[in-house]
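Trainee: I would like to request a close look at a single part of this model.

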Amino acid sequence: MPAVPCSRTLLGALGATLVAATSAAALPVVAIDAGHGGSDSGAIGALAPEAVTGLEPRFNPFLQPVLLEKDVNLDVANRLNAWLAARGFPTLMTRSTDNAGGDVPYISEGADLKARTDAANAALAEIFVSIHQNSSRRTGASGTETYVRSSAPEVTHLLAAGMQRTLVACLGLPDRGVKERSFYVLRNTAMPAILVEGAFLSNEVDAGMLASPDVRQRMAEAIGGAIFQYAGLGDPGPICSGVGVAPPPVPKKIVLTRAGRKLTQRAGINPKRGDLWVATVRDASGAPMSSIPVRARLPNGKGVNTTSRPDGKALLAVPRRKGRVVVAVAMPGIKVAARAKVPARRR
Ligand SMILES: [Zn+2]
């Protein structure tokens with residue numbers, strides 16, 4: 001595990017604003033949230049007996065070696081903290097030991113999560129990134145996901161989209177896309193907040209990767225690189241053990257179509273009230289583009305932010321009301337948009 005020269009625990013939270021206001025005025029305060037901790041191990045993965053993890057050895061009741069999500073998350077968080085601190089970012093770790101949020105013993109999920117968001121809010125953090133690993137009963141499930149609140153502002157969707165692209169590029173696991181969910185740490189933080197699920201501990205291949213210190217370093221650098229770009233600092237240089245961050249993608253076209261009644265119903269929309277619309281983002285070659293933030297203006301005047309899925313499609317619930325639906329790629333410097341008339345209400 002690398003040294004953590006500028007790690008700031010909850011006790012030091014007060015100092016974070018000071019640093020932000022003086023020496024690193026231009027750089028945002030980043031709250032780094034290592035998911036789970038203490039008696040909450042998070043997901044549990046199987047481990048090959050000969051695996052060298054660089055983490056504290058852990059065993060299940062059958063004395064087989066296992067990999068605990070809380071340990072992976074904290075290791076990635078420590079590596080991310082070192083990476084950001086080396087570039088002058090003021091940081092805050094919501095936990096820096098094998099404990100609940102605030103580095104206190106785990107009592108309950110409610111207390112744990114509240115301590116995490118309280119710490120970030122008190123430090124006036126400007127970015128909150130929660131680090132988790134996934135698990136599924138379907139053992140085949142594999143890959144990377146980033147979560148954002150659907151009602152989060154456009155900049156948060158931009159951060160989530162960039163994070164997902166960089167993580168997929170660095171880890172090389174399947175792209176499961178940016179997903180919308182109102183997790184506690186996302187809805188109780190007063191700054192752009194996202195949650196990443198790096199890989200699946202329930203999957204042998206993914207878990208084998210998470211066991212590797214090199215892969216955890218790549219994950220940390222992917223998250224750091226995305227924050228670096230989001231902060232408007234440009235190219236972060238070689239990251240992910242030399243893989244490097246791909247330059248921001250350049251969407252060329254967005255195609256807007258109204259889905260049929262069946263798909264509308266399948267999306268949970270009452271066809272009497274509205275329709276499912278699909279905005280497909282494509283590159284210059286016409287290929288669909290994943291993880292592109294999309295903003296939409298609905299005929300009722302409401303603005304919506306979302307992100308294209310791995311198949312390039314961003315889904316929109318559009319009320320049946322006379323007017324227009326307008327969609328645009330929500331990336332700085334890129335002007336790609338489409339509009340369509342919303343037909344009159346069905347009888
Ligand atoms: Zn988790």
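In the hairpin of S12 and S13, which residue takes a positive phi, and how many residues lie between the strands?

Mentor: The model is predicted, so local features need pLDDT of at least 70, side-chain atom pairs count only at pLDDT 80 or more, and totals for chains, interfaces and linings use all residues. Residues are numbered from 1 along each chain as its sequence is written. The residue in question is Gly301, with a positive phi near 85°; five residues lie between the strands of this hairpin. Helices (H or I, at least four residues) and strands (E, at least two) are DSSP runs, numbered from the N terminus. Strands S12 (residues 293-297) and S13 (residues 303-307) run antiparallel and are joined by five bridges; two strands pair if DSSP finds at least two bridges between them. Within this pairing, Arg297 has Gly303 of S13 as its bridge partner.

Buried here requires 20 or more other C-beta atoms within 10 Å of the residue's own, with exposed at 12 or fewer, partly exposed in between, and C-beta atoms placed from the backbone. This core has 89 residues, of which Val30, Ile194 and Ile223 touch the most other members. Helix H4 (residues 154-171) contributes the largest share, ten residues. At least three core residues come from each of domain 1 (10-230) and domain 2 (253-342), bounds taken from an automatic or database domain assignment.

Note on methods:
Core = buried A, V, L, I, M, F, W, Y, C linked by C-beta atoms within 7 Å.
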